[in-house]
Amino acid sequence: MYDLMQAHPMTLIIVMSAVLVTPLYMLCTYVFSGASARKGALIGSGFLLWGAVMTWFCLAGIVQDMGPLGSLVVPVCWLLPSLILFIWRDWFLSEPLSQRWLIGLQVWRVIGGVFLIEMVGRNIPGVFAYPAGIGDILVGITAVAVLVFYRRRKYIAPGAVLLVLGLGVADFLSAFFFGFTSSAGPQQLFFPEIANNSLLFPTGMIPLFLVPYAIFFHTLSFLTWRQPNAQEQRLRAA
């Protein structure tokens, strides 16, 4: 039997739509950057497969069944894709990628607002929902503002790229801290009246799949910014 959250239908629609579109967005990032479409399709397919595994992971409650070790699953999921990217960065970034598409992915962070929906539905406590939901929305709005401001310029200024990335990382750390310390276990610091069931399906797909995907794009964006001859590459990839 699967243990599911009695989530609002809008939460299910938003989360699963985002999960299903991730391979396509990855492909588009490579294609519209003028990079290898084959490479974009391969990476997108890899995320699609991983998303299917994480869906089972989430539905079956694997994290909860693992006991104390389950607390390690989320940080491992967050770091693993970016670790693979960093190790084989020469393959992933053999051609420059557009910061417009890389930053554009962060606009999707607004889907974190579903945590606020589930807080209202008394499925998730406010101590986690407020920082996670509002933080995601603010990052998404910042990404939109940057894209609009630089829409007619040849490339996005390094400071604007770092602003989005910095806010994004701060939001990740905040969400992890409040999620980790409001969940049952020896690490619990906050004891809300409502149990933190954010790892149940469908909201569990956010920390188990969508957040690692967003962190992967953070890493792609940062490594692109750090590449040699970055100025010339930004002009080509804008």
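Start by selecting Phe209 and Tyr213: both are buried (buried means under 20% relative accessible area, exposed over 50%, partly exposed in between, with a 1.4 Å probe and protein chains only). This is a predicted model, in which local features need pLDDT of at least 70 and side-chain atom pairs count only at pLDDT 80 or more, while totals for chains, interfaces and linings use all residues. Residues are numbered from 1 along each chain as its sequence is written, and side-chain values use heavy atoms, with hydrogens and water left out.

**Stop 1: the rings**

Stay on Phe209 and Tyr213. Both lie in helix H10, four residues apart, about one turn of the helix. Helices (H or I, at least four residues) and strands (E, at least two) are DSSP runs, numbered from the N terminus.

Now look at the wider count. The structure holds 20 aromatic pairs. Rings of Phe, Tyr and Trp (its six-membered ring) pair if their centres lie within 6.5 Å; planes under 30 degrees apart count as stacked, over 60 as edge-to-face and the rest as tilted.

Phe47 and Tyr213 form an edge-to-face aromatic pair, 5.0 Å centre to centre with 90° between the planes. Phe47 lies in helix H2 and Tyr213 in helix H10, so the pair ties together parts that are 166 residues apart in sequence. Phe209 and Tyr213 also form an aromatic pair, this one stacked: 6.3 Å centre to centre, 25° between the planes. Phe47 is buried at a relative accessible area of 6%. Tyr213 is buried too, at 3% relative accessibility.

**Stop 2: charges over rings**

Select Lys39 and Trp91. The charged end of Lys39 sits over the Trp91 ring, 4.8 Å from its centre. The criterion is NZ of Lys or CZ of Arg within 6 Å of the ring centre and within 35 degrees of the ring normal. Then go to Arg89 and Phe86. Here the charged end of Arg89 sits over the ring of Phe86, 4.3 Å from its centre.

**Stop 3: the largest pocket**

Switch to a surface view. On a 1 Å grid over the protein atoms alone, a cavity is a set of points where a 1.4 Å probe fits but cannot get out, and a pocket is an open set with protein on both sides within 12 Å along at least five of seven lines; lining residues have an atom within 4 Å of a point. Grid points are joined across faces, edges and corners, and a volume is the space filled by probe spheres set on the points.

The largest pocket has a volume of about 710 Å³. Select Gly179, Phe180, Ser183, Ser198 and Leu199: of the 35 lining residues, these are the closest to its centre. Colour helices H3 (62-65), H4 (73-87), H8 (126-149), H9 (158-181) and H10 (205-226); each supplies at least two residues of this lining. The largest share, six residues, comes from H9. By class, the lining divides into 19 nonpolar, 13 polar and three charged residues. Ala, Val, Leu, Ile, Met, Phe, Trp, Tyr, Cys and Pro count as nonpolar, Asp, Glu, Lys and Arg as charged, and the others, Gly among them, as polar.

**Stop 4: the second largest pocket**

Select Ile43, Gly46, Phe47, Trp50, Leu80, Pro81, Ile84, Phe92 and Phe216. They line the second largest pocket, which holds about 200 Å³ of space. H2 (37-59) and H4 each supply at least two residues here. H2 gives the most, with four. The lining has eight nonpolar residues, one polar and no charged.

**Stop 5: the largest cavity**

Three cavities of 30 Å³ or more turn up in a search of the whole structure. The largest has a volume of about 190 Å³. Select Trp108, Arg109, Ile111, Leu210 and Ala214, the closest to its centre among 16 lining residues. H1 and H10 each supply at least two residues of the lining. The largest share, five residues, comes from H10. By class, the lining has 12 nonpolar, two polar and two charged residues.

**Stop 6: two single residues**

Select Ser33, in the loop between H1 (9-31) and H2. Ser33 counts as buried at 11% relative accessibility. Not counting residues up to four places away in sequence, Ser33 touches Cys28, Pro96, Leu97 and Ser98 (contact means heavy atoms within 4.5 Å).

Finish on Val73, in helix H4. Val73 counts as buried, at 11% relative accessibility. Leaving aside neighbours within four places in sequence, Val73 is in contact with Phe57, Val63, Met66 and Leu208. The C-alpha atoms of Val73 and Val63 are separated by 6.7 Å, with the two residues 10 apart along the chain.
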